[in-house]
Amino acid sequence: MLCSISPATAGGGDSPPAAPAADAKPVPDTDPGGHRALIWAHAFTPTGQSIVSVSSDRTMRIWSTETGEQRVVRGMRGEGNVGKLFALAVSPDGALAAVGGALGPTVADRGDIRLIDLTSGDQIGRLTGHTGWVRSLTMSKDGQWLASGDDKGAVKIWSMTTRREVAHIDNAIEGTSKAIWRLAFPDPDHLVATAYDGLRVFKRAPLTLERFVKSEKPETALAVSGDGTRIATAGDDGIVRIRAWPAVDELQWTIPTWRRVADLAFGAGPSATRLAVASGKEPYVVTVWDVASKTQTAAYEGHDNVVQGVAVSPDGTQIASVGGNANAIHLWSLTEAEQKKAPIKASRLLQGGGRTVWSVGFLQTPDNAKAAGTYLAWGYSDPCVGTQACPDVMGPLSHAIRLPDERLPTLGDPFPLKQAPWLDEKGTGITPIETRALLRTPTGSLRSEKQATTRDNLSRLLVERNGESTEISKRSNKNGTEYYSFSFDPSGSWIVSGGRNNMLETLTLDGKQIKKLDGHDGDVPAVAVSPDGRFIASGSIDQTVRLWNSKTGELIVSLLHLPDDDRWIMWTPQGYFGAAPAGENLIGWHIDRGPDKSADFVTAGEVRTFFHNRELVARAIVLASSEAAVSEFRAAGSLPDFSLEDLRSRSPPDLRVREPRSPFDPNAPVRTKNGRVNVVLDLLDNTADIERFEVWVNGNQVVDIPTADATDAARRRATLEVPLFAGYNNVIIIPITKTRPQRDWRVPVILDASTGPLDFREKAYIVAIGVNGYKPPTRALQFARDDATEFALAMEGLLRNNHKSVHPIVLVDNPRLDKLDVRRFDVREPTHDNIVKALGAFSQAGPNDTIVLFLAGHGTNRTAHAPGFVFLPLDANKDANGYTEASTVPWSTFQSALDAGNGRKIVFLDACRSSHVFDYGVTNYMVSRNLAVYSSTGPQQDARESPPHGYFTEAVLLGLSGKANRRNPAVLQFEELGRFVADQVIERTGNQQTPRHFMPPAMPEFAVVRYCTPALPCATSQ
């Protein structure tokens, strides 16, 4: 299936509903780290350091070509196509960008152009007057003039000095298809435009049509050479036409590509005679031609679907092409492509981790089987590449998540089907019963076909009975245009169908709409109904899977899953969510601030204190109603006094980093030779109730400054003195309030020095806990004591290599005093009280210190008094209601102890179901800053033992001994150890135990331990 929208059908043909008012409610939106819909336009900034892109996902993104980091600018959102961005122009000085699309506060005024400051991301102006969607924008080389064209045939010229319209033509295009697809200034006095019927040349002042060159096929691509001597056009017939300027009636050369051309771009500098051609049909390739020698010089074949656009860097050495299934920007070397004369790879992919969900279904395992239950499943493979729609062809399912039920009412994690819990170590086991879209029942069979009486891509739905076809429903531009997916329910008594532009509905057998299911933000190519008819599952190009109540039409939960790194988040319409580590920033809520301001966006991570509630999400699925689940939790008094509507009045504090700051690129790090840097913040909105500032550097909490000590109230500024590491520093500033969501501010700094104040590690605090001798009915363990003992011995010795002092506490039953020298180790029994007291040592840790926590023993996530992971000490007691609260140590206790200390914090968890802490501890509060975690299992897995240790601890000890550090013999990096441990345990347990490790995004890769040899002496550094 094609994942692009051709110019002929983009956005449908009807007027959109009115845009939301400035006081509209927060609207949920996803952010998988890149564009999740078609990129309509992109451009390099004049320095070549950034690429700006706009998309149907309603965002403008500013990407660093060097690092791939990005900033996101949001405008407006509304129903249907309102807010989608189609056009972009960057000013010659790189100071601002003009963006256009389906914008405007009213239906009659829906083509606003917004001016964005590329340094701050703020909206600094708005140009009004277009009544159609703005499809094209271009600026003159001197930056004085902006030209715009819309889908109603209007062309306007704007002065960038006064920011006012100076000329317009309302009906520049005749006929039914009037869109102005591309505009360009070949010289200061002329404007050229492409449309469906050919090329037009306008005189700028006064704005008049001078020439028209008709074409038989739509011409939608246009490029002007840097010296203004050539114009290239192309379109649906696949022929690139190169003309001299101003003699556009005469062709210099034609390039037959034999496939639709989506975009063109001339080179610059050494590649000024090159022309890049983007293919809009298979094979999806970018070809480069020398228009002087009339030869092809290079090709790039890295895209897997339509190449929507192409741009050449200002120095002429790089090309950025956009498109494919991932809506990615591929940055590649033109120089390398021409030299190699062979396929090359992109030097950088600017993209998110989400993918179009092409297939959905349900899997059922028997009640008496391992991992019994019903699973929601989905897949990312396009079942019919190159075809607009194929509802009768279903792609493979690749991932699944168990749906909570009354028997097991907890929410697990998504998993690849090749690692399904019903499979054994050989990859064999039961075969679940699979339920997909049901196209045939005794009541008939479903199919769709194009309507014969329309020019547009409109289709109709038919039911075939006894060899006869009966039309029961048909699409229009107002209800999805095409049938992308459909299914009977298991009883054959109703139908669910998905279409374009968010369309999802249930129908009676005679085609009458039962319910319209609102929630998706893109085409819906996949639907399925659960075997009991209770749920509808849908998949969309918006990259989400959604679960609906089939009877009421209520949206129960939505799921965004990133298949490459297994980050995911599931949320209810009311905002409550459960997520994987770092998954909580994949969604947020868009808050319109009116037509003259950029929108705000509050991520789920910023409101985790109020909305992280995995139990509520699970309960919503059990009840088949998120509304009922919220009512149930609210009645029990277990929800905080905060709702999504409160985000408008209780938004996070708004700051701006004044110093240090790169004058050219806010994403670029600032360099300094001083070991400390003063971060100066402008205090903008919602800052009056800031109580203090937390400061983190590379994942180390280093400063906690009360507002009174940092703030110049008269100037509305705060100044924070921040110590640094040598080299790169990711400085994070967090303003802390009691009532507002928490937002952080990033300041990248490079210290050009051999060492910095934070490089010297002072003290290391180790707490290692291992419990063997549990009392019945809790099963005793064999190796937890030895696991904790050997870990403490190994870690204590290694941390002495780069810390001035090490303070280990070992809590084990029947301690091995033959190994533990009580002069160096504080040895205690692992009772509840002793564990709590030992954890208190962490509060002594300063910014240059290291905290290490190790747990080996039983853990559970099934207690009445505490959600999530609970560790069982030696004196854990169990009664008829389960383990008693006073005798267990919930993860919140560990979290509070870790929170009390500063510095670097590393946690090793070798306990059954230990991975559950990711959802109730790390993700709930500290996820984005300080905890680096190694966990022995995934949720609902047991941590396995084999002499002389548990599998996890044995792998950790082996890695610490030097087997895991393959890049540098002197250091063992966090990621190295994590991958080594996971590979070892998965191999030894036949995939039955899958360790996980997680380092917060704010924390760069770091050395867990350092090794000392005569050839590699240690220094007291990081």
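**Entry 1: burial and overall form**

I looked up burial first: buried residues make up 62% of the 1022 residues in the chain. I count a residue as buried under 20% relative accessible area, as exposed over 50%, and as partly exposed in between, with a 1.4 Å probe and protein chains only. I note that this is a predicted model, where local features need pLDDT of at least 70 and side-chain atom pairs count only at pLDDT 80 or more, while totals for chains, interfaces and linings use all residues. Residues are numbered from 1 along each chain as its sequence is written, and side-chain values use heavy atoms, with hydrogens and water left out.

I then checked the radius of gyration, which is taken over C-alpha atoms; the globule rule is 2.2 Å times the number of residues to the power 0.38. For 1022 residues a compact globule would come near 31 Å, and the chain, at 30 Å, agrees with that. Along the principal axes, the C-alpha atoms fill a box of roughly 95 × 80 × 60 Å.

I took the accessible area of the chain next, by the Shrake-Rupley method with a 1.4 Å probe; for residues, only the protein chains shown count as cover. The chain exposes about 38,300 Å², and carbon and sulfur atoms supply 48% of that area.

For contacts I used heavy atoms within 4.5 Å. Among contacts between residues at least 6 apart in sequence, 57% join residues at least 24 apart.

**Entry 2**

I listed the secondary structure and got 11 helices and 75 strands. Helices (H or I, at least four residues) and strands (E, at least two) are DSSP runs, numbered from the N terminus. I treat two strands as paired if DSSP finds at least two bridges between them.

I picked strand β12, residues 155-159, and asked how many of its residues are buried. The count is 5 of the 5, so β12 is largely enclosed by the rest of the structure. V155, I157 and S159 point one way from the strand, K156 and W158 point the other way, and all are buried.

I followed the pairing on both sides. Strand β11 (residues 145-150) runs antiparallel to β12 and is joined to it by 5 bridges. Strand β13 (residues 164-169) is also antiparallel to β12, again with 5 bridges.

The hairpin of β11 and β12 has 4 residues between the strands, and G153 in the turn has a positive phi of about 90°. The hairpin of β12 and β13 has 4 residues between its strands, where R163 takes a positive phi near 55°.

**Entry 3: strand β30**

I moved to strand β30 (residues 359-365), which is mostly covered, with 6 of its 7 residues buried. Its antiparallel pairing with strand β31 (residues 373-379) runs over 7 bridges. Strand β34 (residues 433-435) pairs with β30 in the antiparallel sense too, over 3 bridges. F362 has L376 as its bridge partner in β31 and T435 in β34.

**Entry 4: helix α10**

A straight helix of 13 residues would span 18 Å, but α10 spans only 16 Å between its end C-alpha atoms. Its buried residues include Y951, F952, L957 and L960.

**Entry 5: salt bridges**

I counted 58 salt bridges, where a salt bridge is a side-chain nitrogen of Lys or Arg within 4 Å of a carboxyl oxygen of Asp or Glu.

I checked E796 and R824, whose side chains meet in a salt bridge at 2.4 Å, N to O. The pair links distant parts of the chain, 28 residues apart: E796 lies in helix α6 (residues 784-799) and R824 in the loop between β61 (805-812) and β62 (826-828). E796 is buried at 0% relative accessibility, whereas R824 is partly exposed at 41%.

R436 and E434 form a salt bridge at 3.3 Å, N to O; R436 is buried at 15% relative accessible area, and E434 is partly exposed at 46%. R828 and D826 have their closest N and O atoms 2.8 Å apart; R828 is partly exposed at 25%, as is D826 at 31%.

Last, I noted a network of salt bridges that links D29, R36, R58, R77 and D521.

Definitions and conventions. The expected span of a helix is 1.5 Å times one less than its number of residues.
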